[in-house]
Amino acid sequence: MADQVPKVAVVTGGGSGIGLATCERLRSEGFRLGVFDLDPAGASEAAGDGLGLGVDVAVAGEVSEAFAAVEEALGPVEVLINNAGITGSLEATRLHETPIDEWDRVMGVNVRGAYLCSRAALSSMVPRRSGHIITVASVAGMDPFPGRSAYSVSKAAALLLARSIALDYAGDGIRSNAVCPGMAETPMTKWRLDQPDLRAAIEAGIPIGRVAQPEEIAEAISLLASGRLSYMTGHGLVVDGGWSLR
Ligand SMILES: NC(=O)c1ccc[n+]([C@@H]2O[C@H](COP(=O)([O-])OP(=O)(O)OC[C@H]3O[C@@H](n4cnc5c(N)ncnc54)[C@H](O)[C@@H]3O)[C@@H](O)[C@H]2O)c1
């Protein structure tokens, strides 16, 4: 993209883990970034010469203001990466023991957040007849994780959101895909992976024999964002070291 106007991408949850690795990767490929995160300093750092903002993706007003600010500062958003996500409490709980607030918050960030950001991005993508929305779901949205019903249900919804957008906007020149990571080593999972016994048990269940580094998930996101897979839409790209084969 050296001689072209840089494309603008928005990355949500870009202050940490997979989102941060994605920001670094997309910047190295010449994208200019709008980064939304609860942590404004992390968002700013990840955005580099773009625009990092403190945004809660579950709050409609914050999302629409943030999109307007990015489009004014950087230009039209060509790629949206719906990456912000939470798992819920550290303790896994079955459904009847999962607090209602926790259920609502997980759905609020992982589903409503992706919906609100997609909605805002589509409003400007449709008139331009161009854009790509990439949603970070999870293999938990294909087969549930034990004691994680809120998270698993939210990721199944995120995957279907990506596929619904693909169907409804294909005729507008807009594509939508998902990436479904297995277990990646990030602040979200660190507390488990830092316990040697737990890490060994997790890695024993992964055919490749190890968890992913966030850069390996960012690689899949950046391949989609590059536009090289131009005929792909409505797809959930599984990047899990073979976990879901078992
Ligand atoms: N790490 C894994 O093993 C794994 C596996 C599958 C899917 N995922 C998904 O990948 C995405 C990134 O996960 P991660 O492991 O990098 O997590 P992480 O906790 O390291 O980073 C998540 C980022 O999202 C931000 N965030 C959380 N709630 C937000 C909100 N309401 N508004 C804006 N920003 C918010 C956090 O501040 C943080 O910077 C999530 O959607 C997660 O569900 C992760």
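## Conventions

A helix crossing is called right-handed if the near helix is turned clockwise from the far one by less than a right angle, and left-handed if anticlockwise. Helices (H or I, at least four residues) and strands (E, at least two) are DSSP runs, numbered from the N terminus.

The model is predicted: local features need pLDDT of at least 70 and side-chain atom pairs count only at pLDDT 80 or more, whereas totals for chains, interfaces and linings use all residues. Residue numbers start from 1 along each chain as its sequence is written.

## The sheet

Seven strands make up an open sheet with parallel pairing, in the order β3-β2-β1-β4-β5-β6-β7; two strands pair if DSSP finds at least two bridges between them. Because β3 (51–54) and β7 (236–239) each have a single partner strand, they stand at the edges and one side of each lacks a neighbour in the sheet. On average, neighbouring strands are turned by 15 degrees against each other, direction ignored.

Phe36 is placed opposite Leu53 in β3.

## Helices on the sheet

Contact here requires C-beta atoms, placed from the backbone, within 7 Å. Axes are lines fitted to C-alpha atoms, for helices over the stretch in contact, and angles between N-to-C directions run from 0 to 180 degrees.

α1 lies across β1 (8–12), β2, β4 (77–82), β5 (131–136) and β6 (174–181), at about 165 degrees to β1. Helix α3 (residues 60–74) also packs on the sheet, where it touches β1, β2, β3 and β4, and its direction makes about 165 degrees with that of β3.

## Helix pairs

The axes of α3 and α4 cross at roughly 40 degrees and come within 9 Å; this crossing is right-handed. Ala60, Val63, Ser64, Phe67 and Glu71 of α3 meet Leu116, Cys117, Ala120, Ala121 and Ser124 of α4.

α1 packs against helix α8 (residues 214–225) at an angle of about 50 degrees, the axes being 8 Å apart. The crossing of α1 and α8 is right-handed. Residues in this contact include Gly17 and Ile18 of α1 and Pro214 and Ile217 of α8.

## The ligand shell

Of the 31 residues around the ligand, Gly13, Ser16, Gly17, Gly85 and Thr186 come nearest. At least two residues of the shell are supplied by each of α1 (17–28), β2 (32–37), α4 (100–128) and α6 (187–193).

Notes: A residue is near a molecule or strand if its C-beta atom, placed from the backbone, lies within 6 Å of it. Two residues are in contact if their C-beta atoms, placed from the backbone, lie within 7 Å.
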